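This briefing goes through one protein chain, topic by topic. Look at the sequence and the model first, then read the points below.

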Amino acid sequence: MKRLPLAIIMAMFFGWLLWSVSVRQAALFAVGIGLGVVLAGKRFGFTTGWRMLVEDKDPSGVFGQLLLLALAACLAMPLLGHFPELTAALGPPSVSLIVGAFVFGLCMQIADGCGSGTLYKAGLGIPMNAAILPVFAIGSFLGSVHLGWWLDLGRTAPVGLVTEWGWDVALAATLGGLALVAAGVSFYCKRANLKAGRQAKPLFVRKWVIGAVLLALLATANLVIAGQPWGVVYGFGLWAAKVASATGAVDLSTNWFWTQPGNAARLTETVLLDVTSITNIGILAGALWVSASTPASARPLSGKQWAVALIAGLVLGYSSRLAFGCNVGAMFSGISTGSIHGWIWVPLAFAGTIFGLRIRRHFGF
């Protein structure tokens, strides 16, 4: 489909949301389109950036993510400090978080995408990610069903730095932490490239910088409009939960997660009222619009590769719920809004990535 017809369809859907649902949901759909266009147009992949660092000793992808985190924190933390009705992306430090983050980091390299990566690559029409998306949703739902059991294994209360220290101290500490990570990544890449007799790769690349700036602005718009930070995987789990509940496949009336007041309400409402779902729909639409002029290409997969990818996608969804988000909900939104769980998530997911890359190479992806 050409870009103009797609733009007309998206504009009509925006107008329908504006008229029939709410101004907020229409605005979030527009933000989602922007996120999808940036993610797909700039190929801003969290999974790819980590893989570039480990395999190619190329820091530009990770530096783009660090810039994104810094810019988003500079925008989000003052807002959280001055407007208490806005909420941070808080998650409890727990056994669930530790296991989920590590497994998620492992599986995202095999499945070639985190939550946002799977979404925008599905929108681009990449067959593997399009097939993984529904499996990811099923896994996220199963993770939500079991989350109460996982949390019973051990957890502490969520910690928000903005609440504990004030937005100014929290922001200074966050920027300091990001600067330390940047220095460590730079040192590692320079040393590794020097040892291999290669020229050091640039820290900043134009597409990653532009992507970081635009995503930070769009994520801040999401925070202001929705009242909560940008997330992805909750929408996936909700979609599967609504199907399971509607078909009678699972009784959720006594489940710990789905009897929480907010979650129970969303089960009975249209997905168009869920802020995460409407943004996800926008991301899909934005990526589809990008693909109309620049179609994505992908290598054919063997039967074994398909099986491994789909299993990885299922576990990816499951672990994302255990870890209270993916690279967006846990890492990006967590760190940029001052949640300690975001800082715990990153090293565990990165450790998982190292193992995931070995599995990825073993199966010839």
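Is Glu 55 buried, partly exposed or exposed? With 33% relative accessibility, Glu 55 counts as partly exposed, where buried means under 20% relative accessible area, exposed means over 50%, and partly exposed lies in between (1.4 Å probe, protein chains only). The model is predicted, so local features need pLDDT of at least 70 and side-chain atom pairs count only at pLDDT 80 or more, while totals for chains, interfaces and linings use all residues. Residues are numbered from 1 along each chain as its sequence is written, and side-chain values use heavy atoms, with hydrogens and water left out.

**Salt bridges**

- Side chains of opposite charge can pair when their charged atoms come close.
- The count is four salt bridges, each being a side-chain nitrogen of Lys or Arg within 4 Å of a carboxyl oxygen of Asp or Glu.
- Glu 55 forms one of them with Arg 361, at 2.9 Å from N to O.
- This pair links distant parts of the chain, 306 residues apart: Arg 361 is in helix 16 (residues 340-362) and Glu 55 is in helix 3 (residues 46-56).
- Helices here (H or I, at least four residues) and strands (E, at least two) are DSSP runs, numbered from the N terminus.
- Another salt bridge joins Asp 274 to Arg 266, at 3.4 Å from N to O.
- In that pair, Asp 274 is buried at a relative accessible area of 3%, whereas Arg 266 is partly exposed at 26%.
- Asp 112 and Lys 121 also meet in a salt bridge, at 3.4 Å from N to O, and both residues are buried.
- A network of salt bridges links Arg 51, Asp 112 and Lys 121.

- Asp 112 lies in the loop between helix 5 (95-110) and helix 6.
- The relative accessibility of Asp 112 is 16%, so Asp 112 counts as buried.
- Phi of Asp 112 is near 55°, which is a positive value in a residue other than glycine.
- Helix 6 (residues 115-124) is mostly covered, with 10 of its 10 residues buried.
- Among the buried residues of helix 6 are Gly 115, Tyr 120, Lys 121 and Leu 124.
- Gly 125 follows helix 6 and has a positive phi, near 90°.
- Arg 43 has a positive phi as well, near 50°, and is not a glycine.
- Arg 43 sits in the loop between helix 2 (23-41) and helix 3, and is partly exposed at a relative accessible area of 31%.

**Nonpolar cores**

- A nonpolar core is a set of buried Ala, Val, Leu, Ile, Met, Phe, Trp, Tyr and Cys residues joined through side-chain atoms within 4.5 Å.
- The largest nonpolar core has 79 residues, and those with the most contacts inside it are Phe 44, Leu 68, Phe 104, Trp 230, Trp 258, Phe 332 and Trp 345.
- Helix 7 (residues 127-152) gives the most to this core, with eight residues.
- Apart from this core lies another, of 11 residues, among them Ala 226, Leu 272, Val 275 and Ile 278.
- Not counting residues up to four places away in sequence, Phe 332 touches Leu 68, Leu 69, Ala 72, Ala 219, Trp 230 and Asn 327, where contact means heavy atoms within 4.5 Å.
- Asn 327 is in helix 15 and is buried, with a relative accessible area of 0%.
- The contacts of Asn 327, again leaving out residues up to four places away in sequence, include Phe 46, Trp 50, Phe 104, Met 108, Cys 114 and Trp 345.

**Cysteines**

- The structure holds zero disulfides, a disulfide being a pair of cysteine sulfur atoms within 2.5 Å.
- The closest cysteine sulfur to that of Cys 114 is in Cys 326, 5.2 Å away, which is too far for a bond.
- Cys 114 is buried, with a relative accessible area of 1%, whereas Cys 74 is partly exposed at 36% relative accessibility.

**Largest pocket**

- On a 1 Å grid over the protein atoms alone, a pocket is an open set of points where a 1.4 Å probe fits, with protein on both sides within 12 Å along at least five of seven lines; lining residues have an atom within 4 Å of a point.
- The largest pocket holds about 810 Å³ of space, where grid points are joined across faces, edges and corners, and a volume is the space filled by probe spheres set on the points.
- The lining of the largest pocket has 31 residues, of which Leu 90, Gln 228, Tyr 234, Arg 321 and Phe 324 are the closest to its centre.
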